[in-house]
Amino acid sequence: MVQAYILIQTEVGKARDVATAIQQLAGVVRVDAVTGPYDVVVLTEARSVDELGKLIVSNVQLVPGITRTLTCSVVHL
């Protein structure tokens, strides 16, 4: 199983809408609204890196109100 955190910047006033929409997507484990340079942080899971990429590009980045994403893969040290 591959996991990644997606850090999301949204349009002003859209963090709640974005978080609500993303919670409905398959592969999403947790969604939190946060303060700081990002507005929403999402923990995702997929069976492979390719599947994770498809989740991000085909689903998450198409949610209205998102202006930028940064994906951070989880590593087990």
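Which residue in E3 is the bridge partner of Ile6? Select Ile6 and look across to E3: the partner is Val42.

Some ground rules come before the next stop. This is a predicted model, in which local features need pLDDT of at least 70 and side-chain atom pairs count only at pLDDT 80 or more, while totals for chains, interfaces and linings use all residues. Residues are numbered from 1 along each chain as its sequence is written, and side-chain values use heavy atoms, with hydrogens and water left out.

**Whole chain**

Show the protein as a cartoon: two helices and four strands, in the order β-α-β-β-α-β along the sequence. Helices (H or I, at least four residues) and strands (E, at least two) are DSSP runs, numbered from the N terminus. The radius of gyration is 12 Å, close to the 11 Å of the globule rule for 77 residues, so the protein is as compact as a globular protein of that length. That radius is taken over C-alpha atoms, and the rule is 2.2 Å times the number of residues to the power 0.38. Along the principal axes, the C-alpha atoms fill a box of roughly 35 × 25 × 15 Å.

Now colour by burial, where buried means under 20% relative accessible area, exposed over 50%, and partly exposed in between (1.4 Å probe, protein chains only). Buried residues make up 30% of the 77 residues.

**Strands**

Select E1 and E3, which pair in the antiparallel sense over seven bridges; two strands pair if DSSP finds at least two bridges between them. Besides the bridge already visited, Gln3 has Glu45 as its partner in E3.

Then move to E2, which pairs with E3 in the antiparallel sense over five bridges. Asp32 has Val41 as its bridge partner in E3. E2 and E3 form a hairpin with six residues between them, and in the turn Gly36 has a positive phi of about 110°.

Stay on E3. Six of its seven residues are buried. Select Thr44, which lies in this strand and is buried, with a relative accessible area of 0%. Leaving aside neighbours within four places in sequence, Thr44 is in contact (heavy atoms within 4.5 Å) with Val2, Gln3, Ala4, Ile6, Gly27, Val28, Val29, Leu52 and Leu55.

**Core**

Select the largest nonpolar core, a set of 17 residues. Such a core consists of buried Ala, Val, Leu, Ile, Met, Phe, Trp, Tyr and Cys residues joined through side-chain atoms within 4.5 Å. Ile8, Val18, Ile22, Val31, Val40, Val42 and Ile66 touch the most other members. The elements giving two or more residues to this core are strand E1 (2–10), helix H1 (15–23), strand E2 (28–33), strand E3 (40–46) and helix H2 (49–59).

Centre on Val40. Not counting residues up to four places away in sequence, Val40 touches Ile6, Leu7, Ile8, Thr10, Ala15, Val18, Ala19, Val31, Asp32, Ala33 and Val34.

**Helix H1**

Which residues of H1 are buried? Val18, Ala19 and Ile22 are. Seen down the axis of H1, the buried residues fall within an arc of 100°, so they line one face of the helix; the arc is that of the directions from the helix axis to the C-beta atoms. Turn the view to see what this face meets: the buried residues of H1 pack against E1, E2, E3 and strand E4 (66–73).

**Last stop**

Select Ala26, in the loop between H1 and E2. Is Ala26 buried or exposed? Ala26 is exposed, with a relative accessible area of 65%. Finish with a distance from Ala26 to Asn59: they are 33 residues apart in sequence and 9.1 Å apart in space, C-alpha to C-alpha.
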